[in-house]
Amino acid sequence: MTATATNTETKALLEPPKFQGAPKAEKIVTVARQYGVSPLRQWREMTALWLGKTRIPTHEYYNFGLYDPAIPMEEKKQYVGIKGSWLINKELTPKTLPWARGFVGNKVMFTSLIDRLGFRTTETQAVVSTRSRFGAIPTLDTPEALEHFLRHDARYPLFGKPSNYSGSFGSALIDRLEGDEIVLGDDRRLGLDAFCREIIAEYGEGYLLQSAIEQNRAMTEMVGRAIGTIRLVTIRDGAMPRPFYALWKIPSPKAMSDNFWQDGSMIAPVEMETGQVGQAWIGTGLDARSIDSHPVSGRAFAGFALPFWDEARRMATEAHALFPEFGVIGWDVAFTEEGPLLIECNDNPFHTLYQMAFRRGIWNDDTRPVLERTIARSKVMMDEKKAVRKRREDKRKRS
């Protein structure tokens with residue numbers, strides 16, 4: 001059967017996870033049986049956590065395993081949901097404080113800038129866009145233009161991703177072209193014409209085609225070919241940014257990217273000073289379990305030392321210093337044989353990933369003082385910015 005962009009069985013691009021609504025009755029009953037927590041107590045805890053500062057919705061209450069009676073309520077209150085994470089980041093980086101928020105969010109512009117400033121990053125071979133142009137980088141605005149590029153100009157393998165989304169939605173590892181078929185990194189084959197039309201139809205406003213990265217040999221031997229990036233979060237704690245926390249997003253053996261929401265993906269904490277990997281986890285909620293070794297390679301996670309770790313910490317910190325108005329930035333860092341690369345910059349890092357990897361809330365006794373100091377400093381910077389603006393306005397009126 002010929003692949004078509006409307007056939008969901010043959011779509012190339014990774015689709016976002018389904019929305020998780022209210023918990024099903026079976027889940028509530030299972031928790032009650034396995035953990036001895038009555039449905040009434042579950043609902044009381046969920047209500048308290050949703051109405052509290054951390055804003056945890058019901059499905060995240062279960063994803064984080066907060067029904068476990070072994071976790072004291074005070075510790076449960078240290079967790080945040082996705083909205084609670086956003087609210088923290090909003091305080092860390094007030095909306096009008098940074099001048100470069102839109103620039104940082106533009107993956108083409110951002111990688112071009114940091115490459116020019118000497119930071120190792122990805123190479124963009126072309127951009128699909130029906131709206132914008134990108135100077136010397138080829139812009140492809142029709143299915144025909146994209147097909148011509150893939151047939152004649154592309155240097156394979158490629159990694160494709162939307163320019164304005166996070167979470168690996170819409171991503172694809174394009175291994176090669178064989179005749180009229182695109183071969184993806186998971187060995188699926190799709191018709192080239194349908195593939196091009198799918199990208200234009202779904203991400204015509206912006207889609208990057210970048211040179212795929214060849215991962216460091218030691219990491220590939222452990223987890224396979226798919227790039228498992230390190231989420232290295234830096235925070236402006238004082239005059240300059242510094243590393244805050246790090247975790248390894250370990251891709252599923254069948255995945256083309258590393259996001260934790262994909263079935264079979266794993267996550268592990270990384271010790272900030274040494275780059276050593278800690279206890280890895282797979283799954284969420286009732287399906288969550290610790291995992292000691294990779295399911296395919298059999299290699300142990302705990303104790304594995306990430307390569308070029310000092311260089312990666314330095315690179316992320318110095319890149320954050322380009323934008324000191326941002327209180328926090330989450331960097332996706334990949335490792336090659338030559339060293340680390342900055343893949344993406346996230347000005348709204350999901351601290352929920354920290355909680356999955358470290359098995360504790362982001363608002364804990366160790367991280368809270370750092371977050372509070374940075375929030376306080378951001379308020380001072382915001383007040384200073386307003387004062388400067390007022391002085392200039394008053395001077396303009398007097399003149």
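Author: In strand β7, the bridge partner of alanine 126 is leucine 209. This is a predicted model, in which local features need pLDDT of at least 70, side-chain atom pairs count only at pLDDT 80 or more, and totals for chains, interfaces and linings use all residues. Residues are numbered from 1 along each chain as its sequence is written, and side-chain values use heavy atoms, with hydrogens and water left out.

Reader: What makes β1 and β7 a pair of strands?

Author: Strands are DSSP runs (E, at least two residues; helices are H or I, at least four), numbered from the N terminus, and two of them pair if DSSP finds at least two bridges between them. Four bridges join β1 to β7 (residues 207–211), and the two run antiparallel, so they count as paired.

Reader: How do you know that β1 also pairs with β2?

Author: Two bridges join β1 to β2 (residues 139–140), here in the parallel sense, and in β2 the bridge partner of valine 127 is threonine 139.

Reader: Why is β1 called largely enclosed?

Author: Buried means under 20% relative accessible area, exposed over 50%, and partly exposed in between, with a 1.4 Å probe and protein chains only. Five of the five residues of β1 (residues 124–128) are buried, so the strand is largely enclosed by the rest of the structure.

Reader: What makes β10 a strand with partners?

Author: Five bridges join β9 (residues 241–250) to β10, antiparallel, while β10 and β11 (residues 280–282) pair in the antiparallel sense over two bridges. Methionine 266 is the bridge partner of isoleucine 250 and stands opposite isoleucine 282 in β11.
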